[in-house]
Every structure is written in C-alpha cells, then in structure tokens.
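Reader: Could you walk me through this chain before I plan my reading of it? I would like to start with the overall layout and then go into some side chains.

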Amino acid sequence: MATLFFPGDGGLGTAVVPVRRRPDVQLQAREAVAVLLTADQGMQSSVLKELRLRALYLDASGTVSVDLTAASPNQKEIRASAEDELLAVYAMVNTLTQNFPEVRQVRFLMDGREAQTLAGHIDLSRAYVKRTDMVKVP
C-alpha cells in the first residue's frame, strides 16, 4: 500500500492504494509513480494524465530523477495552468518523499534530458522537496 497525492480543487488530496511490491526502493518508487500517473481518482489533473514514466533513478544522496514523456507521441506540449502544473509536480514529489524515506528530493527529466518545465510555468531545473502545506485535510 502507498499513499498517493492527487491534484484537485486547489490542493493535493490523498488516497491509499495498492502498489505492486518490488525488490528494491528504486523499483518500488517507480511503481508508485506509474500508478499515480495512470490512476483514476477523479481528482487527477490533466497534467498527470498527459505524462508517462520512462524511467526513475535513485542516487546514493537520496535524489530521485523522474524521467517523463508525453502520453501521446504526437503531443508537442502540455497545456495547463500554473496551479495545475505546480500541483502535478508536487503530487509526484510528495508521493515519492512520503512513501520512501530514502528519497530526500526529486528532479525531473523529459525524454531523458533535463526539463525546463512541464507546461511552461514551473521551473524544473532545480530539485524539489516535500511540501505538506499543499495537502488538503479531509
């Protein structure tokens, strides 16, 4: 079981969902992000629906690099508001940092290269850490 963070209604909601067990933290983290990107929780932002996970790497310092790609091969850009993009980023960051104590920060790649942004608003050239202030209390 893993606690996933989903964007919606101006914040992040949570859902505890089953995630297939994997033999090491890196593979388990990859599985959690894959479930997040494909889950149908009703709150999921269009940004997450437009992404697929290519790869995920965890280094010895606790930095996870999440390598994403567009869900559709013909898609050139993701269209979203700044708020939707920010919530999508922190949905992934909080999901990884909450469930895996080994993960200290998260970086993003697009198609194997350093990403500047997902939808043109949020700077992805830096590493991100967990933000609990975005989580809505039920």
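Author: What follows goes from the overall layout to strands, a helix, charged pairs and a few loop residues.

Reader: Before anything else, what kind of model is this, and what goes into the values?

Author: This is a predicted model, in which local features need pLDDT of at least 70 and side-chain atom pairs count only at pLDDT 80 or more, while totals for chains, interfaces and linings use all residues. Residues are numbered from 1 along each chain as its sequence is written, and side-chain values use heavy atoms, with hydrogens and water left out.

Reader: Fine. How many helices and strands does the chain have?

Author: The chain has 3 helices and 6 strands, where helices (H or I, at least four residues) and strands (E, at least two) are DSSP runs numbered from the N terminus. Along the sequence they follow the pattern β-β-α-α-β-β-α-β-β.

Reader: And what share of the residues is buried?

Author: Of the 138 residues, 47% count as buried; buried means under 20% relative accessible area, exposed means over 50%, and partly exposed lies in between, with a 1.4 Å probe and protein chains only. The chain exposes about 7200 Å², of which carbon and sulfur atoms supply 48%; such areas come from the Shrake-Rupley method with a 1.4 Å probe, and for residues only the protein chains shown count as cover.

Reader: You mentioned E5 and E6, so which sheet do they belong to, and what is the strand order?

Author: They belong to an open sheet of 4 strands in the order E3-E4-E5-E6, with mixed pairing. E3 and strand E6 (113-114) stand at the edges with a single partner strand each, so one side of each has no neighbour in the sheet.

Reader: How do E3 and E4 pair?

Author: E3 and E4 pair in the antiparallel sense over 7 bridges. Leu51 has Ala70 in E4 as its bridge partner, and Leu58 stands opposite Val64 in E4. The two strands form a hairpin with 4 residues between them, and Gly62 in the turn has a positive phi of about 95°.

Reader: Switching to charges, how many salt bridges are there?

Author: The count comes to 5 salt bridges, each being a side-chain nitrogen of Lys or Arg within 4 Å of a carboxyl oxygen of Asp or Glu. One of them joins Arg54 to Asp67, with the closest N and O atoms 3.0 Å apart. This pair links distant parts of the chain, 13 residues apart, with Arg54 in strand E3 (residues 51-58) and Asp67 in strand E4 (residues 63-70).

Reader: Which residues are linked in a network?

Author: Arg20, Arg22 and Glu31 are linked in a network of salt bridges. In the pair of Arg22 and Glu31 the closest N and O atoms are 3.1 Å apart; Arg22 is partly exposed at 30% relative accessibility, and Glu31 is buried at 15%.

Reader: What else is buried in H1?

Author: Besides Glu31, the buried residues of H1 include Val33, Leu36 and Leu37.

Definitions and conventions: Pairing = 2+ DSSP bridges.
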